[in-house]
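Have the structure open as you read.

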Amino acid sequence: MRLEEFGLRIFLGNYEFVSLLEKWIAALKNMGVKEFRLSIYSKRIQRRRRRSVKVPSVVFEAESLQDLHAEGFTLDQTSIGRNVLSKHLKKLHLEKVEIEDGVFQKIISSCPLIETMTLKSCKKLRNIKANNLRHLKHFTFSFIGILDVRCSIEICPSSLETIEIEHANILLHKGSQFRNLNSIRMYDVKFSSLDRFSSCKFPSLKELALVYCDGLEESIEESHLFIDAPNIDSFVYHGCLIPSTSFPTTSREWSSTLSLDITGAPSSWLLKLHKLLESLSRSKISLTICQLSLVNDEVIIQVRLDLVQGIKGGNKPAVVVKKLLLRCNSSYFSPLSNGLLCICRPRKIGNVNYTDSESVLKNLMQREGGNQDELRQLWLPDLEEVSLEIYDDNRRKWDPTSLSDLPEYEEGERIRTRFALKWRENL
């Protein structure tokens with residue numbers, strides 16, 4: 001009997017199953033299988049001694065192996081033997097596998113046809129150099145464990161289409177051209193150099209997400225990051241620092257989603273935020289501000305004076321923002337929103353507790369009396385109309401409402417409200 005394709009999924013609970021796997025692979029070789037897909041799973045043997053099953057050497061002796069998914073093993077020199085014969089391997093998925101750098105490099109150097117590589121929680125793996133994988137299209141790496149232990153990744157094949165990396169260091173070669181790369185997702189990643197990132201070209205990039213990539217060797221606040229991606233559709237940034245970032249000018253319609261965890265007085269970050277919003281002003285911006293620390297009244301007053309002077313002196317126009325979400329103590333809503341409305345003109349303001357809707361509405365619409373400071377007068381004349389909206393969970397739609405029509409508060413009930421703002425036409 002001759003088989004073209006064969007897939008095997010097996011749980012190796014003890015060494016008897018390892019022997020069974022060896023017999024299977026030998027049998028498949030005799031059948032002349034052209035495409036072999038193998039998924040093997042293991043759990044610790046003799047838990048008191050923390051012994052683990054080693055990947056049998058016969059696995060990498062299977063010349064027809066094209067897809068390998070291994071989870072819960074130790075993969076050392078005895079697992080690959082003197083030579084790796086799986087030259088046709090296209091998919092490699094290693095999860096919770098103990099593997100050292102030398103063994104890993106021997107595998108990928110012996111398997112040049114790899115197109116998809118997934119590495120999750122692989123202990124002892126500290127360095128990955130995948131520049132010679134000319135067919136690599138999809139690369140995923142994640143490590144959840146000791147915070148100060150990171151794997152260094154050097155990966156620049158022009159064949160790449162997607163990159164997703166979590167908790168690692170990454171090195172990009174200066175001037176690299178990622179002609180086919182359409183998606184980059186980075187979580188808690190340290191870049192070796194922002195200048196190298198800025199020198200790379202991403203002509204096909206549609207999606208870029210940088211999430212808490214704050215721990216950089218050079219401060220992301222002090223260095224400018226230029227992302228040469230003229231066809232970008234979506235830029236997502238979550239972090240505790242406000243980056244200096246820009247994209248090339250494009251006539252395409254694209255979106256920017258910013259979520260900032262802010263600490264300290266607004267004077268330390270509002271002008272930086274305005275600069276970032278200006279650089280992204282050609283996109284549809286969604287902005288979320290999470291104020292992690294409260295500021296006393298004396299600091300707020302000084303913040304306002306500094307900010308007014310900075311905005312007036314620089315003649316800085318406010319930037320249109322599609323949606324603004326504020327996550328802060330309700331008592332801090334007024335001073336925080338006053339500062340933000342000086343640098344941006346949101347069409348929607350959300351994430352307001354509906355029990356605070358009345359006080360927020362008064363703060364936005366109050367024209368005479370009250371706290372008419374310089375900061376407030378920078379944006380109030382441009383605001384023409386404010387309306388309240390409520391979310392209908394059944395219809396999944398926002399509807400206009402009024403304070404008098406809001407439902408009575410019930411413990412545990414979640415009611416979503418937001419404000420729609422209309423600004424002067426010239427904005």
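1. A quick term before we start: two strands count as paired if DSSP finds at least two bridges between them. Keep in mind, too, that this is a predicted model.

2. Begin with strand β1, residues 5-12, which runs parallel to strand β2, residues 35-42, with eight bridges joining the pair. If you want a spot to check, G7 has R37 of β2 as its bridge partner.

3. Now look at the pairing of β2 with strand β3, residues 65-71: this one is parallel as well, over six bridges. R37 turns up again here, standing opposite D67 in β3.

4. Next, the largest pocket, which holds about 390 Å³ of space. Its lining is made up of 18 residues, and those nearest the centre are N351, V352, R414, R416 and T417. Sorted by class, the lining has seven nonpolar, seven charged and four polar residues.

5. Which strand gives the most to the lining of that pocket? It's β22, with six residues. Strands β20 (323-327), β22 (348-353) and β25 (416-423) each supply at least two lining residues.

6. Finally, the largest nonpolar core has 119 residues, and F139 and I289 are the ones touching the most other members. Helix α7, residues 333-343, gives the most to this core, with five residues.

7. Setting aside neighbours within four places in sequence, I289 is in contact with L260, I262, W269, L273, L324, L325, L326, R327, L336 and L340.

Terms used
Residues numbered from 1 in each chain as written. Predicted model: local features only at pLDDT ≥ 70, side-chain atom pairs only at ≥ 80, totals over all residues. Heavy atoms only, no water. Helix = DSSP H or I, 4+ residues; strand = E, 2+ residues; numbered from the N terminus. 1 Å grid on protein atoms, 1.4 Å probe; cavity = no way out; pocket = protein on both sides within 12 Å on 5 of 7 lines; lining within 4 Å. Points joined across faces, edges and corners; volume = space filled by probe spheres on them. Nonpolar A, V, L, I, M, F, W, Y, C, P; charged D, E, K, R; others polar. Core = buried A, V, L, I, M, F, W, Y, C linked by side-chain atoms within 4.5 Å. Buried < 20%, exposed > 50% of the residue type's maximum accessible area, 1.4 Å probe, protein only. Contact = heavy atoms within 4.5 Å.
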